[in-house]
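Hi everyone, thanks for coming.

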Amino acid sequence: MSTTICQIMGFIVSSLGVAGCIAATGMDMWSTQDLYDNPVTAVFQYQGLWQSCVRQSSGFTECRPYYTILGLPAMLQAVRALMIVGVVLGVIGLFVAIFALKCMRIGNMEDSAKANMTLTSGIMCIVAGLCAICGVSVFANMLVTNFWMSTASMYQGMMQTINTRYTFGSALFVGWVAGGLALVGGIMMCIACRGLTPEKTQYKAVSYNASGKNIAYKTGGYKAGTGYESETKSKKTPAYDDAARSEDGRRSFPSKYDYV
């Protein structure tokens, strides 16, 4: 019962994590404009992995996709790749975990096959969670570096220049939480795999070989012990002797019917 609960809970937590990774990948607020020095502005800018958006004070929002791939920073392309790999592995792992649930019976699938499928899906969810966490962390590191570089360039000498600084967006926190959920769910499914594995039983084979030919066995019980073969041989000889004696006895005592 505990194994089934652990497996189902791992599947649910992993599903939430993969869904969060998909949502974080498609969100536009990976980096948002820092409004610390300018809290009142008519234009608010934010960027995602696939497009950059501008929202005006009137509520009108305009987004412009990135029409280039080679012109984007290498770190952004790496984050894209990590998130896509995490989403693909997570979806495939959940698809495998559905058929590996112990509460579902598909044909004559054995418990050992379900255990292997559960372990495979758990490993895939763990890798998906690590990819999401690494991708979000790389993007956050890039934001921190650009933030402090923009801050240093704003105060150079006596002249203050105004540059747009970007800070953490909501998609980063969604990605961190989703990656953690996928990681925990994968670990739970790997733990449940041990309970699904059937215990191996070892049987010792015993062979019986007849040591001699023409051995007569007497119907009935026999006493267990050593020298069983010798006992049967010793019992065989009196049996034939008694029959011979009985036959000789009948011949030694003639009947009245023997003489005509």
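I will start with the overall fold, then go to the core, the disulfide, the annotated regions and the surface.

A word on the ground rules. This is a predicted model, where local features need pLDDT of at least 70, side-chain atom pairs count only at pLDDT 80 or more, and totals for chains, interfaces and linings use all residues. Residues are numbered from 1 along each chain as its sequence is written, and side-chain values use heavy atoms, with hydrogens and water left out.

Let's begin with the fold. How many helices and strands are there in the protein? There are five helices and seven strands. Here, helices (H or I, at least four residues) and strands (E, at least two) are DSSP runs, numbered from the N terminus.

The protein has 260 residues, and 30% of them count as buried. Buried means under 20% relative accessible area, exposed means over 50%, and partly exposed is in between, with a 1.4 Å probe and protein chains only.

Now to the inside. The largest nonpolar core has 18 residues. By nonpolar core I mean a set of buried Ala, Val, Leu, Ile, Met, Phe, Trp, Tyr and Cys residues joined through side-chain atoms within 4.5 Å. Trp30, Leu49, Val79, Met83, Phe139 and Leu172 have the most contacts inside this core. The elements giving two or more residues to this core are α2 (74-100), α3 (111-154) and α4. Which of the elements gives the largest share? That is α3, with six residues.

Leucine 76 sits in helix α2, and it counts as buried because its relative accessibility is 6%. Between leucine 76 and glycine 135 there are 59 residues in sequence, yet their C-alpha atoms are 9.1 Å apart. Glutamine 77 is also placed in helix α2, but with 28% relative accessibility glutamine 77 counts as partly exposed. From glutamine 77 to leucine 49 it is 28 residues in sequence and 8.5 Å in space, C-alpha to C-alpha. Over in helix α3 we find isoleucine 133, which is partly exposed at 24% relative accessibility. Its C-alpha atom is 9.3 Å from that of leucine 172, 39 residues apart along the chain.

Next, the cysteines. A disulfide is a covalent bond between the sulfur atoms of two cysteines. In this model, a disulfide is called when a pair of cysteine sulfur atoms lies within 2.5 Å, and the count comes to one. Which cysteines does the disulfide join? Cysteine 53 is joined to cysteine 63, with 2.1 Å from S to S. The link is right-handed, with 105 degrees about the S-S bond. Cysteine 53 lies in strand β3 (residues 51-56) and cysteine 63 in strand β4 (residues 61-65), so the pair ties together parts 10 residues apart in sequence. Cysteine 53 is buried at 2% relative accessible area, while cysteine 63 is partly exposed at 34%.

Cysteine 125 is in no disulfide, and the nearest cysteine sulfur, that of cysteine 190, is 8.7 Å away. Buried or exposed, what is cysteine 125? It is buried, at 0% relative accessibility. Cysteine 193 is in no disulfide either, with the sulfur of cysteine 190 as the nearest one, 7.2 Å away. Cysteine 193 is buried too, at 8% relative accessible area.

Now for the database record. The unreviewed UniProt entry carries the annotation "transmembrane region" for residues 81-101, 122-148 and 168-192. UniProt positions are in the numbering used here, feature names are shortened, and annotations may be inferred rather than shown by experiment. In the model, residues 81-101 are 95% helix and 0% strand, with the end C-alpha atoms 30 Å apart. Residues 168-192 are 92% helix and 4% strand, and there the end C-alpha atoms are 37 Å apart.

Last stop, the surface. Isoleucine 8 is found in helix α1, and at 30% relative accessibility it counts as partly exposed.
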